[in-house]
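Subject: Structure for you to look at, with notes

Dear colleague,

I am handing over the structure below, and my notes on it follow. Please read them with the coordinates open.

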Amino acid sequence: MKNKFIVVTMLVLLGVGAYAQSPRGYVITGKIEGLKGNVIMRHMENGVDIADTVNVTDGSFVFRGRIQEPADMTIIFSPEARFQKVFYVQNMDLQLVGKADALDKLEVKGSPVQDDYAQLEAQIAVYRAKVMEVYNKAEQARTAGDTVQAAALQKDADKMYRGEMSVRKQFVLDHLNSFASLNELMNCISAENLDESQAIFNKLAEPLKKTTKAKEITERIANLRATQVGKGYIDFVMNDVDGKPVKLSSYKGKYVLLEFWASWCGPCRAENPNLREQYKKYNAKGFNILGVSLDSKAEPWKKAIEKDELPWVHISDLKGWQNQAAVQYGVRAVPANFLIGPDGKIIARDLRAETLNAKLEELFH
């Protein structure tokens with residue numbers, strides 16, 4: 001029984017910590033027939049975007065480094081081959097094998113975590129193919145003039161598309177000792193499924209719960225609980241475009257829309273004209289906007305404010321996705337916002353376009 005316990009324990013640990021096998025870190029060797037130019041490898045570590053570039057020689061290249069935990073990295077082939085792929089790296093020897101004219105079939109060998117993730121990719125590909133089949137049928141019905149059938153199929157396809165998250169959740173439940181499950185669980189968490197997300201987290205293998213990524217998950221769940229509608233706002237201080245500190249609590253007694261956005265976010269920029277119109281309409285009646293940018297560089301942030309003619313106060317710590325306020329409010333996608341009332345309570349969240357306009361009309365008329 002003792003030997004059996006040791007074997008089981010080692011299997012669980014290998015699912016999480018096999019990256020520690022090589023004290024020299026990881027070595028990623030690429031051999032891609034016909035590849036030219038250079039290759040970029042990017043990943044996030046401790047909130048910092050790390051990028052490394054190497055030149056390709058006769059289709060070959062090598063990346064070396066060391067990571068604290070398995071990490072999902074993005075490899076970008078440029079300039080001739082405009083293709084990128086996400087895969088998991090551990091402190092082990094990995095091989096990338098393929099052909100420049102078929103990079104979508106690129107093989108990644110040597111990472112047990114990547115092997116798990118490849119299973120999910122295959123499942124998602126099959127699921128999306130089924131979704132596209134329904135979308136195509138909807139388009140065929142639309143072309144044939146059958147608007148009723150087209151609308152029904154479109155509705156079915158949209159529902160299926162949203163259901164992709166269930167595939168990812170099931171992957172986590174089927175791989176409770178795989179590091180790949182941590183990212184998938186993180187991406188599944190929303191303000192609407194906190195209890196479910198916590199229950200899934202509780203089922204993870206104990207070694208996984210001790211990782212940095214697991215800590216981020218628990219913090220995200222806690223932050224989302226703290227910023228639900230009806231809860232009080234979380235105060236913070238951040239510098240404006242002139243470097244002057246601005247406190248969220250300075251808006252107490254007024255309505256304020258805490259608007260998370262970024263200069264590079266297309267949907268954010270598309271919503272700005274409507275925000276500008278609503279601000280002009282209701283500002284004198286006590287409505288304010290506090291723009292929190294998830295930019296990492298000041299110049300594009302300031303240019304976007306000027307170009308979009310946004311007259312309200314703008315703040316940022318220029319830490320990208322690690323923006324202090326974004327982390328506190330559980331923001332992992334933009335645009336996102338929180339409407340806070342004069343009493344400091346969160347009235348609503350993620351109001352866009354007509355839903356925002358209707359809410360403001362309700363409050364100020």
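In the largest nonpolar core, which has 43 residues, the members that touch the most others are Phe-236, Leu-258, Phe-260 and Phe-287. A nonpolar core is here a set of buried Ala, Val, Leu, Ile, Met, Phe, Trp, Tyr and Cys residues joined through side-chain atoms within 4.5 Å, and buried stands for under 20% relative accessible area, exposed for over 50% and partly exposed for what lies in between, with a 1.4 Å probe and protein chains only. At least two residues of this core come from each of β11, α9 (266-282), β12 (287-293), α10 (298-307), α11, β14, β15 and α12 (353-364), and β11 gives the most, with six residues. Helices (H or I, at least four residues) and strands (E, at least two) are DSSP runs, numbered from the N terminus.

Please keep in mind that this is a predicted model, in which local features need pLDDT of at least 70 and side-chain atom pairs count only at pLDDT 80 or more, while totals for chains, interfaces and linings use all residues. Residues are numbered from 1 along each chain as its sequence is written, and side-chain values use heavy atoms, with hydrogens and water left out.

Phe-287, one of the core members named above, is in contact (heavy atoms within 4.5 Å) with Tyr-255, Leu-257, Gln-278, Tyr-279, Tyr-282, Leu-339, Leu-360 and Phe-364, if neighbours within four places in sequence are left aside.

On the aromatic side, the structure holds 13 pairs, where rings of Phe, Tyr and Trp (its six-membered ring) pair if their centres lie within 6.5 Å, and planes under 30 degrees apart count as stacked, over 60 as edge-to-face and the rest as tilted. One of them is the edge-to-face pair of Phe-236 and Tyr-329, with 6.3 Å from centre to centre and 80° between the planes. Because Phe-236 lies in the loop between α8 (212-226) and β9 (237-239), and Tyr-329 in the loop between α11 (324-328) and β14, this pair ties together parts that are 93 residues apart in sequence. Phe-236 and Tyr-329 are both buried. Phe-61, Phe-63, Phe-77 and Phe-83 form one aromatic cluster.

Strand β14 (residues 336-340) runs antiparallel to strand β15 (residues 346-349), and three bridges join them, pairing being assigned if DSSP finds at least two bridges between two strands. Leu-339 stands opposite Ala-348 in β15, and in the hairpin, which has five residues between the strands, Gly-344 takes a positive phi near 85°.

Turning to the helices, Leu-194, Ser-197, Ile-200 and Phe-201 are buried in α6 (residues 194-203). They cover an arc of only 125° around the axis, taken from the directions from the helix axis to the C-beta atoms, and therefore sit on the same side of α6. The face turned away from that buried side carries the exposed residues Asp-195 and Lys-203, whereas the cover over the buried residues of α6 includes α4 (164-174), α5 (180-188), α7 (206-209) and α8. Within α8, Ile-217 is buried with a relative accessible area of 0%, and, leaving aside neighbours within four places in sequence, Ile-217 is in contact with Leu-182, Leu-185, Met-186, Ile-189 and Phe-201. Ile-217 and Leu-182 are 35 residues apart in sequence, with 7.9 Å from C-alpha to C-alpha.

A search of the whole structure finds one disulfide, defined as a pair of cysteine sulfur atoms within 2.5 Å. It is formed by Cys-265 and Cys-268, whose sulfur atoms are 2.3 Å apart, and the torsion about their S-S bond is about 80°, so the disulfide is right-handed. Both Cys-265 and Cys-268 are buried.

For the chain overall, there are twelve helices and 15 strands, and 44% of the 365 residues are buried.

Best regards
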